[in-house]
Amino acid sequence: MTRIPLGMPTPPGAAPAFPAAAARSTQDATLRENLRHATHTIRAKRAAAVAELSDWAELRAAGAAIKDHTLRHLDHYLEQAEAAVTAAGGQVHWAADAAEAQAIVTRLVRDTGEREVVKVKSMATQEIGLNEALAAAGITAYETDLAELIVQLGNDLPSHILVPAIHRNRAEIRDIFREHMARWGRPAPDGLTDEPAELAEAARLHLREKFLSAKVAISGANFLVAETGTLVVVESEGNGRMCLTLPETLISVVGIEKVIPAWRDLEVFLQLLPRSSTAERMNPYTSMWTGTSHGDGPAAFHLVLLDNGRTDALADQVGRQALRCIRCSACLNVCPVYERAGGHAYGSAYPGPIGAILTPQLRGTASALDASLPYASSLCGACYEVCPVAIDIPEILVRLRERVVEGGAVTIRGTRAVIRPAKGHAAERAAMRAARWTFDHPRALRAGQRLVSRTRRLHPRRLAGPGRAWSDTRELPEVPPESFREWWQRTRGPQGTA
Amino acid sequence: MVAADPGPAGDGMSSRGRVLGRVRRALADVRAAEAAADTAMAAGPGTGAGPAAEAEAAPPAGHAGQGDAAQDYAKRDYAVRDYLRVHGSRTAPQRVALLAENLADYRAHVHHAHEAGLPAVIARLLTERGAHRVAVPHGLPGDWLSAVTAERVPDSADLTARELDAVDSVVTGCAVAIAETGTIVLDTGPGQGRRHLTLVPDHHLCVVRVPEQVVDALPQALELLAPQHPLTWISGPSATSDIELNRVEGVHGPRTLDVVLVTVDEPPTG
Amino acid sequence: MRVALFVTCVNDTLYPRTGQAVVTLLERLGVEVDFPAAQTCCGQPQYNTGYRRETEPLAHRYADTFRGYDHIVVPSGSCAAMVRDNYPRLGARAAAEGRGRGLADAAASVVPRTYELTEFLVDVLGVTDVGAYYPHTVTYHPTCHGLRLLRLGDRPLTLLRKVRGLRLLELEGAEECCGFGGTFAVKNAAVSAAMGTDKARAITATGADAVCTVDNSCQLHIGGTLARQGSAVRPVHLAEILASTEGTEGKAL
C-alpha cells in the first residue's frame, strides 16, 4: 500500500476514488467483521457514557460556541497562545504547510544530535507525513501508541482516528508482533497468544527500552489554551506521559484550530472528549504542561503551529465549522459507510465522515479521490447526531459536493481562486438539468410519467450501463399503470389540475 | 523567544506572517459582519444588530483595531454555559463514596484508612505488592512511611528514569480528586513528586485526604488547579482500547493503582 | 379543514397508492384534500448531489404552488426535511451571494406550513388512533431524515400501535441507515448494497409480513433488495397501513 499524506501532492491516479476502494473493502469478509465488531462495541458504550450526563446537549452547545468564537478570532488567540507559550519557556514555530512543518521538526531534531525520536499518536504529524520526512533525513520515529505500533510494525496504514489498527483483530495483531517486533527492537515474548492483555504486555516490554533511552519526543496536542499557553494531551496507555515527560526535548506539532481561549474552557472539552471518544467518564491519563518546568520533564519545548490548509477551510463560511473537530472519532464509530468501507478507502489520515469533509477542504478537490470523498455518505446524519461539537457534517458534505459539480470560489493555500466543475460529471450535470427542467414543467413531467406507465410491460428487470449500479443488487420497482396525478385527474375531475 | 522561521526564499514574509495573514483574509466576512453590527449599534438602540450579533454581541463602538475587538469579545463570555457545574447534589460522605465507586469502576484498588492507621495501611499494601524499593517524593508527610520496611528511593534531581525503572512502587499524595469521574490530579506539589516518579514504577499508591481533597465535578477541580505546574490527571491504571475497541488495563503507565482514602481522625472532644 | 397534499415525485410516479392512501386517510378524518397540480419535485436529488443552482427553481415552484395553504402534508420524511432544513439554507446562500431575499422569504413562508404526514396527524389533528385495521405483522424502519432531521420520534410507532389487528415486531439496528441515500445508491453502489443487504436481513429476521416506513424512496431500495434476496417481506408505506380499514385491508398488502 502507498501512504499518501495530506502534505504530499497526490500522485495522479495513485489513489483510487472512494467508490472503487470502498467496493473492494466490502468484499473483504475479515475486514467487514473486524469493523462491525469494533464499531458496534463502542457505539453502545458511547451512548451509555453520554446518557450519564443530563446536560450533554448544553455541553455540546457550549463546545460548539467556544470553538466557533475561537475560530472567528483565531488570529488573536494564536498570538495570545504564542505569547503565553513563549513566556513559559517554550519556543513557537509557524508552519504554513506540511513541507515547512517537516523542515522545522527535522531541523529541531538534528539540532539535538539525535537520530531517534519517540512519538505520541498525533493526527497532525500523520497528516503531514512526518515519519516519512524524518526517515528521509535519517531519523527513525518510533510510534508508541499501541495501535500506531501495530500499524508501524505491520507496514500498514492507520484506518481510524482513535484506533488506527481498528481493521486488525487480535489474531492478526499477535501475528504482526511475532513477525515484526524483533526488527524494531525487543522481540515479542515466546508463546505470545492473542489475549489482549498479553498483547498489551508485549507492547509494554517492547517500548520500555525506547522510552528510557529517548532524548527527543514528538507529540501533537488535543488542546492549546491561549490564555495560559497550556498544552493538553488526552490518552489512555501512558505512552503519552512517557513521551511528554522523559525526553530532554519535546516537539509538539499542533494544528492552529486546536487553540481554545481560556483555562476554564477545558471544563467543557474534558467532559465532551473522553465520553465521545473511548466512552469513558474520563480517560486514564491527561497531561497538561505549560512551557518548561525546571527539573521536571523536557528542558526544551518547541510548539509548531500548523496551517496546512486549515485557513483554506476557515475561509469557507459553511465548511469552517469542520475546524471545531476535537478528533474524538465518534462519527466514524456510528457511520454505516465507514463500517463497510473501512478507513483506508478515504485515502487520508482522516477517515470516516470527518475525513470526508476535512480532507477535501485541507487538500482541495482536484484529485479523483478527493473529489469523491464528499459523496462517501448516504447523508443519514448519524455523525452529526453524535458529534460532541455539533459539526453539521451532512451540510458540509453537500456544500463540498456543490464545489465538485458546480465549482466556484474557493481558497487554495491562502489564495482566492475560482475553480471549474470537476471532470467526469458532465453526464450527471446534463441529467440533473434535464430533471430540473422537467420538474419545472409539470405537463412534461406528466407526459413522461404516461410514457413510463404505458411502456411498463417492456421494462427490463435489470439495467445495462450505469443503471447496473442499481439493478445488480436491487430489483427495479414495478411501474404503476397510472401516476398519482393521472389518478387524481381521473377520479377528482378537472378541478385543481394544471 | 519566538523562533524566526524564514519563509521560502525571497518572498520576504515569515511563515508566521503568512499564516496570520491567511487567517485574517479567511475571516473577512466575520469582520465585515461585525463592522455592520457595529454601525447598527452606533446608530442607536433598537436598530437591531444584524446577523453578526447572532453568535456574539458586538464590541463597543469606537474600538481600535482587530486585536482590541477580539479582546473586548473575550472579556465577556462567548458561550452560553448553562451546563451543570455539578451533576446532582451530594453530602461529603456521598461525594467520597462516589469517588471510591468510580475509581473502582476503572480498576483502581480503593482502600479506606483513618489518619492514625494510614502508615499501617501503606505498609501492608506495599508488602502485599512485594515492593522492595519505594520511590518517595519530596514533602511526603513524614509518618506515612513510618511502618514501611522497603528501601526508600528519594526523588532527587539526578534520579533518572532508568533508575526509577528498577523501583517497584511509588507513594504520593495528590492535589485534588474528582468524584464524578473517579479522577486524581497530581500537580507536582509537595508529596507528589516530579512527573516521572508516578509514571515509571509499575505500582502507584496514592493517598487522598477525604473529604477535603475531593470535589464533585471537573469544573471545580479546574478552578483549584494552577496551569503553571505540570498536571497529570489519572483515572484508573493505564489502559488501552486499541484491540477491538475493548478496554484492557495495563500498558505503559503503572498497571496497579492503589488509592487510599484517608479521613482525618476526629479531634478528641471535652 | 382544507390541506394541500404534496405527494412528492417518487410517490406520484412510482407509488400512487401511497398518495391515494393519504387522501383516503385524511378524508376519513374529515380533512379536505387538495392536489395542486403545479407541484413536481422538492429538488432533493439535485440539492443533495451538489446542484444547488438547479434546486432553486424547484424551491420557488414549491412556494408558489402551495401559496395560500396553511397546511402542506407530505408523505415523505426526506422531502419534508428537504423543505424544512434545506430551503432556508438555499435562501440564505442566495442572499449572501447578493441575489436578493426572494428565495429566503419563499423558504421562510413554507417551512412552518410543511408537515410530514405523521406530524400532521399527531400534532395538528391530534389523533393517534386513525381507525385503521391491518391484520398483519409489521416491523418499522425509521428512515434517517424522518428520524434525525424532522425528529419524528415515536409518532409513527404511536400511530402503528393504535392500528387494530396489527402486530408490531422490533427491528434490530432499526436506526441504522438502509443505504439508499439518493444518488449515493448508484455513486457508491457497493457500500449502498452492503448496507441494504444488512438492513434487508434484519428485516427478514423479524419474520414480519411487511416493513413499514414513512419514505418510499428508501422503500425503493429496501424493497428492491428484499425482492432480490427472495424475502417474503413486503415494503409498505405507513399511509397505506393507516388508510386500511376492515373493508379494505386486503388491498394494502
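How many Å apart do the C-alpha centres of domain 1 and domain 2 of chain C lie? In this predicted model, the answer is 22 Å. Being a prediction, it comes with ground rules: local features need pLDDT of at least 70, side-chain atom pairs count only at pLDDT 80 or more, and totals for chains, interfaces and linings use all residues. Residues are numbered from 1 along each chain as its sequence is written, while chains are lettered from A and ligands numbered from 1 in the order in which they are written.

Chain C first. Its domain assignment gives domain 1 (2–125) and domain 2 (137–243), with bounds that come from an automatic or database domain assignment. Between the two, 27 residues of domain 1 of chain C touch 22 residues of domain 2 of chain C; contact here means that the C-beta atoms of two residues, placed from the backbone, lie within 7 Å. Helices (H or I, at least four residues) and strands (E, at least two) are DSSP runs, numbered from the N terminus. That side of domain 1 of chain C splits into twelve nonpolar, ten polar and five charged residues, where Ala, Val, Leu, Ile, Met, Phe, Trp, Tyr, Cys and Pro count as nonpolar, Asp, Glu, Lys and Arg as charged, and the others, Gly among them, as polar.

Even so, H5(C) has a kink of about 40° at Asn86(C), shortly before the proline Pro88(C). The bend at a residue is the angle between axes fitted to the seven residues ending there and the seven starting there. Just after H5(C), Gly98(C) adopts a positive phi of about 75°.

Strand E1 (residues 2–5) of chain C runs parallel to strand E2 (residues 32–34) of chain C, joined by three bridges, and Arg2(C) sits opposite Glu32(C) in E2(C). E1(C) also pairs in the parallel sense with strand E3 (residues 72–74) of chain C, over two bridges; there, Leu5(C) has Val73(C) as its bridge partner. Strands count as paired if DSSP finds at least two bridges between them.

Now for the chains together. Two pairs of chains are in contact, and chains A and B share the most contacts. Chain B and chain C have no contact, and their closest C-alpha atoms lie 10 Å apart. Chain C does meet chain A, through 55 residues of chain C and 53 residues of chain A. H11(C) provides the largest share of the chain C side, seven residues, and by class that side has 29 nonpolar, 16 polar and ten charged residues.

Between chains B and A, 71 residues of chain B are in contact with 88 residues of chain A. H1(B) gives the most to the chain B side, with nine residues. The residues of that side divide into 35 nonpolar, 21 polar and 15 charged.

A sheet also spans chains A and B. This open sheet of eight strands, with mixed pairing, runs in the order E8(A)-E5(A)-E6(A)-E9(A)-E9(B)-E6(B)-E5(B)-E8(B). At its edges are strand E8 (259–260) of chain A and strand E8 (214–215) of chain B, each pairing on one side only. Strand E9 (residues 285–290) of chain A pairs with E9(B) in the antiparallel sense over four bridges, and Tyr285(A) has Ile234(B) as its bridge partner in E9(B). Strand E5 (residues 176–178) of chain B and E8(B) pair in the parallel sense over two bridges, with Ala177(B) partnered by Val214(B).

Finally, confidence. Chain A averages a pLDDT (the predictor's confidence in each residue, from 0 to 100) of 93, with 96% of residues scoring at least 70. For chain B the mean is 86, and 81% of residues reach 70 or more. In chain B, pLDDT stays under 50 over residues 46–67, for which the model has 39 contacts beyond four places in sequence.
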